[in-house]
Amino acid sequence: MGKGKAIGIAAVLAGVAAASALFMYTNGSERPQAKDDLLGPAPAGKPAQADGKGMIAGTLAPSLTYKKENGAYVFTFTVKNQTERVQTVTFTSSKKYDYILYRDGKKVKQFSEGKMFAQIYEERTLKQGEELSFQETFRDLAPGTYTLEWWLADKNWPNARASVTFTVE
């Protein structure tokens, strides 16, 4: 390899390294964070109950409800921005949530198991009082006591999870 070619390759590598460093610097400082620290951290201790009204400092409020329709169980998982600030939910793939369904304490189904998800980066901004909702329907459930655990697929919101127990007769 000639001297000119070696210098050219070194220049390209240096340019790529500089561009990467610049991208990481600007992306890290400008990208909204899940926990909005503009007003400082949320107060210590357990947040007050929202009861559907008012705001909770520093958290998204999860809920999991269901209704029975024509022998099927329709579940709705919702996360609501109960804070006083705009919050950002970040998805690093097309998987927006995950859940595990248990019957009599044994795993029956996990949403993500055996699936592949597209590597798509998406940020969803939730203003005060806004929510994200997801729905799944379960049919032909065998009799037993079930627990459904459901969570948001954003590692920045580990407490955005809910569960519900129900009985199929």
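1. A residue counts as buried when its relative accessible area is under 20% and as exposed when that area is over 50%. In this predicted model, Trp 150 has a relative accessible area of 0%, so Trp 150 is buried. Tyr 97, with a relative accessible area of 9%, is buried too.

2. Phe 75 deserves a separate look, for when its neighbours within four places in sequence are left aside, the residues in contact with Phe 75 include Leu 64, Tyr 66, Phe 134, Phe 138, Leu 148, Trp 150, Val 164 and Phe 166. Thr 65, Gln 135 and Glu 136 are likewise among the contacts of Phe 75.

3. The strands β8 and β9 run antiparallel and are joined by eight bridges, and within this pairing Leu 148 stands opposite Val 164 of β9. In a regular strand the side chains alternate between the two faces of the sheet.

4. On aromatic rings, the count comes to 16 aromatic pairs. In one of them, the rings of Tyr 97 and Trp 150 have their centres 5.0 Å apart and their planes at 40 degrees, and the pair is therefore tilted. Because Tyr 97 lies in strand β4 and Trp 150 in strand β8, this pair ties together parts that are 53 residues apart in sequence.

5. Tyr 146 and Phe 166 form an aromatic pair that is stacked, with 5.3 Å from centre to centre and 15 degrees between the planes. Since Tyr 146 lies in strand β8 and Phe 166 in strand β9, the pair ties together parts that are 20 residues apart in sequence, and both Tyr 146 and Phe 166 are buried.

6. Not counting residues up to four places away in sequence, Pro 143 touches Arg 103, Val 168 and Glu 169; Pro 143 and Arg 103 are 40 residues apart in sequence and 8.7 Å apart in space, C-alpha to C-alpha.

Key
Residues numbered from 1 in each chain as written. Predicted model: local features only at pLDDT ≥ 70, side-chain atom pairs only at ≥ 80, totals over all residues. Heavy atoms only, no water. Contact = heavy atoms within 4.5 Å. Pairing = 2+ DSSP bridges. Helix = DSSP H or I, 4+ residues; strand = E, 2+ residues; numbered from the N terminus. Phe/Tyr/Trp six-rings, centres within 6.5 Å; stacked < 30°, edge-to-face > 60°. Buried < 20%, exposed > 50% of the residue type's maximum accessible area, 1.4 Å probe, protein only.
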